[in-house]
Amino acid sequence: MVQLQVTDQGSGPAILWIHGFPLASEIFRDQLTIAGARHLVPDLPGFGRSRDVAPPETIEGFARVALEVLDARGIDRAVFAGVSMGGYICLAAAAIAPERLTGLILIDTRETADTEQARRGRIETIDKVQATGSTGFVVDAMLPKMVTPTAPLELRERVREIMESATPAGVIAASRAMAARPDSASLLPRLDVPALVVVGETDPITTPEDAKRMAAALPDATLVVLSDAAHLSNMEQTEKFNAAVAEFLTRTR
Ligand code: MLT
């Protein structure tokens, strides 16, 4: 059996970091230094080091995989932190097992389901990956949205490399999963744990409007809008992002 690959680093209360699409655990490399926490960072099936693990085809399925990362280590509760698709997965995990959350960090994500137009786009992506066997066009289309135009070349190249590690099977399964995901708006007011909502000021995929709406709907949320950052605000504004998380963690203990 091929095992899910998980980075498990640090000690203290657990944070489960869930990456976005078509990304990998590597996007959280610079969060592993946040002190006083045990960082659990899986590569989701079909992505990064878990490229050979068969992916589920629903966001709920990905959420169950995420919960199993905790089960496998005997960890009952954790802060759930997700970027974009990772946020969709954290919200699905919160719907399945709210008692397992000590806090929630929603990064450049949204609670709403796909629009019809977004769904059609996902289907086109799936058809094209199936027809060509390649995911390069997804990488080319998404890279300009991931970081701001003035981001250092080294960061841009790192993000490109991470996206290039996604498998066709992973891209197809995750696209299907995202297209079919339910709206989580009614869940937010029921998530009675401290929450941190972070967004890059110029994120063109999940916008500051999305973040403001989620923060307003959550019972106990802090909103942080990071300037000079697009979709991967944790990578582009590492210092400010990590400071916001460190401050937030004091509220979850
Ligand atoms: C992501 O970064 O996970 C994706 O942009 C999410 C999406 O396509 O909805």
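1. Ligand site. In this predicted model, the ligand sits in the largest pocket. The residues around the ligand are G20, F21, S84, M85, Y88, R122, M142, M178, I205 and H231. By class, this shell divides into six nonpolar residues, three polar ones and one charged one.

2. An N or O atom in the side chain of R122 is 2.8 Å from an oxygen atom of the ligand. For H231, the distance from a side-chain N or O atom to an oxygen atom of the ligand is 2.8 Å.

3. Backbone at F21 and P22. F21 is one of the residues around the ligand. The peptide bond from F21 to P22 is cis, and its omega is near -10°. P22 lies in the loop between β2 (14-18) and β3.

4. Backbone at S84. S84 also belongs to the residues around the ligand. Its phi is near 50°, a positive value in a residue that is not glycine. S84 lies in the loop between β4 (78-83) and α2 (85-96).

5. Salt bridges. The count comes to 20 salt bridges. One of them joins R38 and D8, with the closest N and O atoms 2.7 Å apart. R38 lies in strand β3 (residues 38-42) and D8 in strand β1 (residues 6-9), so this pair ties together parts that are 30 residues apart in sequence.

Technical notes
Residues numbered from 1 in each chain as written. Predicted model: local features only at pLDDT ≥ 70, side-chain atom pairs only at ≥ 80, totals over all residues. Heavy atoms only, no water. Near = heavy atom within 4 Å. Polar contact = N/O pair within 3.5 Å; in protein donor to acceptor, adjacent residues only side chain to side chain. 1 Å grid on protein atoms, 1.4 Å probe; cavity = no way out; pocket = protein on both sides within 12 Å on 5 of 7 lines; lining within 4 Å. Sits in = over half its atoms within 2 Å of the grid points. Nonpolar A, V, L, I, M, F, W, Y, C, P; charged D, E, K, R; others polar. Salt bridge = Lys/Arg side-chain N within 4 Å of Asp/Glu carboxyl O. Helix = DSSP H or I, 4+ residues; strand = E, 2+ residues; numbered from the N terminus.
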